[in-house]
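Hello,

Here is the structure I promised to pass on. Have a look at it first, and then read on for some notes on what turned up.

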Amino acid sequence: MIATLLLILAGALTLGFYGAPLIVWTLSLAAVLLWSGAGTVWWALLVAFAFFFNLAPVRSRVVTKPLMGFLKKAGLLPKISKTEQEALDAGTVWLEGELFGGRPDLQRLLDEPVPELSEEEQAFLDGPVERVCQMTNDWEVFQKRDLSPETWQALAEEGFFGMVIPQEYGGLGFTATAMSAVIGKLSSCSIPLSITVMVPNSLGPAELLVHYGTDEQKAYWLPRLARGEEIPSFALTEPTAGSDAGSMKARGTVFKNERGALMLRLRWEKRYITLASRATVMGIAFKLEDPDMLLGGDPHPGITCALIPADTPGIVKGRQHDPLGVPFLNCPFEGHDVEVPIDCIIGGPEKAGQGWRMLMEQLAAGRGIMLPAQSAAGNKMLSRTVGAYATVRKQFGMSIGKFEGIEEPMARIGGSSYMFEAARRLTAAGLDHGAKPAVVSAIAKHSFTESFRRNINDAMDIVGGSGISRGPRNLLAHAYAAAPISITVEGANILTRTLMIFGQGAIRCHPWAYKEISSLEKGDVAAFDEAFFGHIGHVLRNKARMLVLGASRGHLASCPVEGPSRRYLQKLSWASSTFAFFADLTMGTYGGNLKRKEALTGRLSDVLSAMYLAAATLRRFEAEGRREEDLPFFRYAMETAFADMQKAFDGVFANFDGPLVGWLVRRPVALWSRLNTLGSGPSDELAHQVARAMCTPGAQRDRLFNLLYVPRDLEHPVGRLENAFILCAEADGIIGKIKQAMRKRQLARGNPVDALSAAVRAGVITEAESKRVLEAERARHDAIQVDSFSAREYLATAADGGWHGLPPARESAPQTKESH
């Protein structure tokens with residue numbers, strides 16, 4: 001009996017692990033019965049099982065059809081609204097489908113194409129982008145609340161507003177990889193500058209016209225937008241319709257004017273609309289009403305998008321929001337009985353009611369480019385900044401970057417920079433090769449912006465007072481203030497995490513769930529039969545893979561490569577199978593009520609996000625040839641990703657309160673998970689290695705933290721800090737000679753800088769080396785200075801000069817760099 005049970009268990013795990021079809025399971029059961037000498041009753045049960053379940057026509061009639069009736073009555077499968085349906089139909093399934101399925105094709109992951117900039121795109125990055133950054137003084141932008149007129153002119157003349165527009169219409173026709181690189185470099189210079197360029201190339205008139213506009217609309221608008229003759233904005237959000245965009249109150253009514261021409265009469269109240277106060281053409285999302293059915297169809301076509309000149313009578317604009325003091329044009333505006341021709345609908349009257357589908361299809365791609373590019377560049381810029389500052393800044397006689405307390409947050413910043421740059425490249429490459437992965441784009445939008453919010457807080461802790469003292473020298477304050485903005489726009493992060501990533505993924509990325517729901521709604525018995533029993537096989541396979549890979553800690557997972565990536569790829573297979581099984585268990589347990597279990601779905605979203613980031617990091621490390629010097633960054637990122645997965649799994653298990661299986665998940669499963677963890681996070685030694693690399697100037701630092709605006713001008717705060725960093729790093733070697741001489745009692749103990757003359761006389765260092773150290777000390781002293789203002793300067797930007805008005809101008813003693 002024991003032998004039989006062990007044989008059955010081993011056989012079941014093997015068949016499940018490899019996803020054997022039902023007929024193989026049936027034959028295997030027959031072999032067990034034959035081997036064990038089972039009686040007639042067992043054979044009869046097996047024959048009945050084989051007849052009712054292996055023969056599809058019989059199974060459909062006897063099992064599937066009654067099951068469909070029960071499911072419809074019980075309402076166990078979620079109902080999908082029209083807007084949800086359009087969101088699900090938007091975009092494609094890409095690598096996230098592999099991770100959601102439980103058996104990822106690791107070779108496919110490693111074979112994903114590596115993005116490269118074309119010569120034309122690289123020239124644009126090195127030329128116009130560099131020049132626009134040079135003419136942008138971020139402190140002046142904040143003080144004057146806008147980009148300079150010269151910068152606006154350069155953006156228009158150089159084609160920045162037409163990156164997304166094809167070359168045939170006068171645009172640049174850039175790839176997603178190129179647009180991501182451009183936005184990233186602009187962001188490293190000035191957040192308002194990058195936002196100004198981001199919006200016209202993201203979800204808005206140009207992109208909607210490219211994909212859905214009529215030939216006439218494209219021919220008229222796209223060249224004008226590409227040349228910067230027209231400034232676009234797009235209006236979706238309203239006071240009562242934020243995350244719930246489907247509840248918008250903006251209305252457009254179809255009517256005939258006195259000449260018999262079809263017209264639209266629109267009313268709206270929009271807010272948070274970037275560029276609205278300066279826009280010359282407005283994209284508007286509204287609900288279309290056709291009470292007289294003049295368009296020949298539904299009297300309520302639904303959400304529609306139209307393009308309206310900003311000077312059309314009835315449009316009221318001119319006010320400005322103040323988003324955390326970050327000076328980009330973000331505005332409310334209204335429309336009161338605005339009358340425009342019916343041809344203003346993007347795509348013409350034929351596209352009436354298709355606005356929501358248009359928006360979802362473009363967001364499926366756009367979310368993966370702009371904000372992720374801004375955050376990835378921000379992370380890299382923070383890595384450069386804190387690495388340099390931690391080297392230049394000294395306390396207790398040594399650079400603060402050598403203290404473990406500083407190394408810890410530095411390593412978090414550096415490790416995540418490596419990871420998110422990997423994910424930026426992978427996502428952009430997927431978009432360039434035709435993918436429009438709605439779930440991956442949502443992962444990118446949420447995880448990238450959250451990473452920058454964490455990292456900017458760590459960076460502020462490291463630089464201390466230099467970070468909070470605003471002025472021309474400050475490198476972090478403006479980015480710190482702007483961080484919550486990216487959290488909020490293009491779908492608030494709470495919504496994105498709790499509803500979109502897993503909510504859409506559970507249906508869109510699952511190999512069978514969407515087919516089950518759609519076939520049940522259509523009453524298609526054959527399709528539901530295939531989907532339902534395919535789903536059962538999928539669950540059994542993932543259950544077996546979870547058990548086998550969990551017991552072996554992933555060692556039994558097949559892996560296409562050797563080297564440092566191998567164990568992480570195996571653990572990724574283990575994590576994927578565990579996620580896939582518990583995703584199915586969660587959907588099966590909660591059914592249609594899963595929408596209300598947002599804390600649970602949020603944690604499952606965290607697992608899926610961490611798996612995608614781990615996959616991107618693995619692919620980057622392999623694609624770059626497994627660079628030995630990058631191993632600390634790679635391992636830090638991977639250990640962080642698996643620790644994040646573990647934390648999210650523990651949260652799922654601890655709060656799984658579903659009927660029947662809830663106790664099993666919360667107790668034995670949760671205990672096993674804590675004992676057999678996917679990861680516990682990077683070690684202190686690994687953090688030390690990452691921090692040391694960040695504090696070391698050279699080719700690796702420039703390669704890892706690249707595609708940024710890094711001026712050499714010593715009057716620019718970045719150039720000033722970089723210069724001091726390089727000089728201080730070189731001087732450290734010279735200082736080391738002096739310290740060694742002090743230990744050997746060749747020199748009296750004390751401050752090495754104070755002993756420079758004695759060290760020269762003793763032959764420990766040369767005169768040139770002494771001058772190099774003094775130059776480094778001057779640069780160090782200059783780089784750590786913070787800004788201060790006279791009372792008149794400080795109150796110049798206050799309303800009416802403050803409560804007491806501006807004090808009289810007085811000459812003060814000039815301040816040198818040394819005494820500033």
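To start with, where is the place of R749? R749 sits in the loop between α30 (717-743) and α31 (756-761). Please keep in mind that this is a predicted model. R749 has a relative accessible area of 64%, and because exposed means over 50%, R749 counts as exposed. R749 also belongs to a patch of positive charge on the surface, where it gathers with K402, K739, R743, K744 and R745.

One of its members, E216, lies in helix α14, which covers residues 215-226. E216 is exposed, because its relative accessibility is 62%.

S187 has a relative accessibility of 9%, so S187 counts as buried. Leaving aside residues up to four places away in sequence, S187 touches S194 and Q374.

Finally, M293 is in the loop between β4 (281-289) and β5 (302-309). With 45% relative accessibility, M293 counts as partly exposed; the range for that label runs between the 20% limit for buried and the 50% limit for exposed. M293 and K82 are 211 residues apart along the chain, and their C-alpha atoms are separated by 21 Å.

Technical notes
Residues are numbered from 1 along each chain as its sequence is written. This is a predicted model: local features need pLDDT of at least 70, side-chain atom pairs count only at pLDDT 80 or more; totals for chains, interfaces and linings use all residues. Side-chain values use heavy atoms; hydrogens and water are left out. Helices (H or I, at least four residues) and strands (E, at least two) are DSSP runs, numbered from the N terminus. Buried means under 20% relative accessible area, exposed over 50%, partly exposed in between (1.4 Å probe, protein chains only). Contact means heavy atoms within 4.5 Å. Patches are made of residues with over 30% relative accessible area and no salt bridge: like charges are joined within 9 Å, nonpolar side chains (Val, Leu, Ile, Met, Phe, Trp, Tyr) within 5 Å. Accessible areas come from the Shrake-Rupley method with a 1.4 Å probe; for residues, only the protein chains shown count as cover. A salt bridge is a side-chain nitrogen of Lys or Arg within 4 Å of a carboxyl oxygen of Asp or Glu. Lys and Arg count as positive and Asp and Glu as negative; His and the chain ends are not counted. The place of a charge is taken as NZ of Lys, CZ of Arg, CG of Asp or CD of Glu.
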